Amino acid sequence: MLVAFTFGMQMSTSLELYFGYDDGASYSNRNLSSTTCGIFAPNDGLLSLKGICIGRSTNNIVEYSTMVELLFDAISHGICLLVIRLDSQLMVLQLTNVYSVRVPTILCMLLRVLLKERHFDFIQYEHISRNLNTLTNVLDNRVLDRHLQRM
């Protein structure tokens with residue numbers, strides 16, 4: 001199930017700083033996971049918000065799947081300068097080369113992220129507390145709940 005909202009559909013050609021938020025959720029007892037990402041324009045307006053139910057997956061794979069989707073969305077909007085805020089400290093430390101990745105599946109996803117990073121003039125990852133990531137967190141749970149209602 002895909003829930004996507006895109007506001008304005010304008011392409012960014014200026015060198016303005018955009019902010020991306022990303023979150024993944026997993027109901028391990030129901031074998032369901034979802035990914036959610038949002039992009040805010042420099043004027044604090046919501047540019048894009050997407051939520052996808054991806055089925056059974058581990059939390060780390062969900063987080064990296066969300067990151068790939070967020071980067072793809074930012075590239076499609078022509079964004080050059082991006083700060084991504086995550087509530088997964090482990091992922092931020094992996095993306096900034098503080099921690100290494102040894103699991104082959106996660107390493108493959110990390111390499112996809114690194115390839116997408118080449119499309120940006122500036123990209124930065126910041127760890128934020130979960131309570132500052134409420135929009136994507138709420139949408140994650142909403143996507144999972146809607147999927148469960150249809151089962």
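Biologist: Let's start with glutamate 69: is it buried, partly exposed or exposed?

Modeller: Buried means under 20% relative accessible area, exposed means over 50%, and partly exposed lies in between (1.4 Å probe, protein chains only). Glutamate 69 comes out as partly exposed, with a relative accessible area of 22%. Keep in mind that this is a predicted model, where local features need pLDDT of at least 70 and side-chain atom pairs count only at pLDDT 80 or more, while totals for chains, interfaces and linings use all residues. Residues are numbered from 1 along each chain as its sequence is written, and side-chain values use heavy atoms, with hydrogens and water left out.

Biologist: Which residue forms a salt bridge with glutamate 69?

Modeller: A salt bridge is a side-chain nitrogen of Lys or Arg within 4 Å of a carboxyl oxygen of Asp or Glu. Here the partner is lysine 50, with the closest N and O atoms 3.5 Å apart. Lysine 50 sits in strand 4 (residues 46–55) and glutamate 69 in helix 1, so the pair ties together parts that are 19 residues apart in sequence. For those names, helices (H or I, at least four residues) and strands (E, at least two) are DSSP runs, numbered from the N terminus. Lysine 50 itself is buried, at a relative accessible area of 16%.

Biologist: What else does lysine 50 meet in a salt bridge?

Modeller: Aspartate 73, at 3.4 Å from N to O. Aspartate 73 belongs to helix 1 and lysine 50 to strand 4, so this pair ties together parts 23 residues apart in sequence.

Biologist: How buried is aspartate 73, and what does it touch?

Modeller: Aspartate 73 is buried, with a relative accessible area of 2%. Contact means heavy atoms within 4.5 Å. Leaving out residues up to four places away in sequence, aspartate 73 touches Ile39, Ser48 and Lys50.

Biologist: How many salt bridges does a search of the whole structure find?

Modeller: It finds 3. One of them joins the side chains of glutamate 126 and arginine 85, at 3.0 Å from N to O. That pair links distant parts of the chain, with glutamate 126 in strand 6 (residues 122–127) and arginine 85 in strand 5 (residues 81–86), 41 residues apart. Glutamate 126 is partly exposed, with a relative accessible area of 23%.

Biologist: And what does histidine 127 touch?

Modeller: Histidine 127 is also found in strand 6. Not counting residues up to four places away in sequence, it touches Leu86, Asp87, Ser88, Gln89 and Val92. Its C-alpha atom is separated by 5.8 Å from that of arginine 85, 42 residues apart along the chain. Histidine 127 is partly exposed, with a relative accessible area of 39%.

Biologist: Now helices. How do I read a packed pair?

Modeller: Two packed helices are described by the angle between their axes and the distance between the axes. Axes are lines fitted to C-alpha atoms, for helices over the stretch in contact, and angles run from 0 to 180 degrees between N-to-C directions. Take helix 1 (residues 59–76) and helix 3 (residues 104–117): their axes come within 10 Å and cross at roughly 15°. Helix 1 and helix 3 are therefore roughly parallel to each other (angles under 35 degrees count as roughly parallel). Residues making the contact include Tyr64, Val68 and Leu71 of helix 1 and Ile106, Met109 and Val113 of helix 3.

Biologist: Which residue has a positive phi although it is not a glycine?

Modeller: Most residues other than glycine have a negative phi, and most peptide bonds are trans. The case here is asparagine 97, with a phi of about 65°. Asparagine 97 sits in the loop between helix 2 (89–95) and helix 3. Asparagine 97 is exposed, with a relative accessible area of 68%.

Biologist: Finally, how many helices and strands does the chain have?

Modeller: The secondary structure comes to 4 helices and 6 strands. Along the sequence, they follow the pattern β-β-β-β-α-β-α-α-β-α. Of the chain's 151 residues, 45% count as buried. Among contacts between residues at least 6 apart in sequence, 73% join residues at least 24 apart.

Terms used
Angles under 35 degrees count as roughly parallel, over 145 as roughly antiparallel, 65 to 115 as roughly perpendicular and the rest as oblique.
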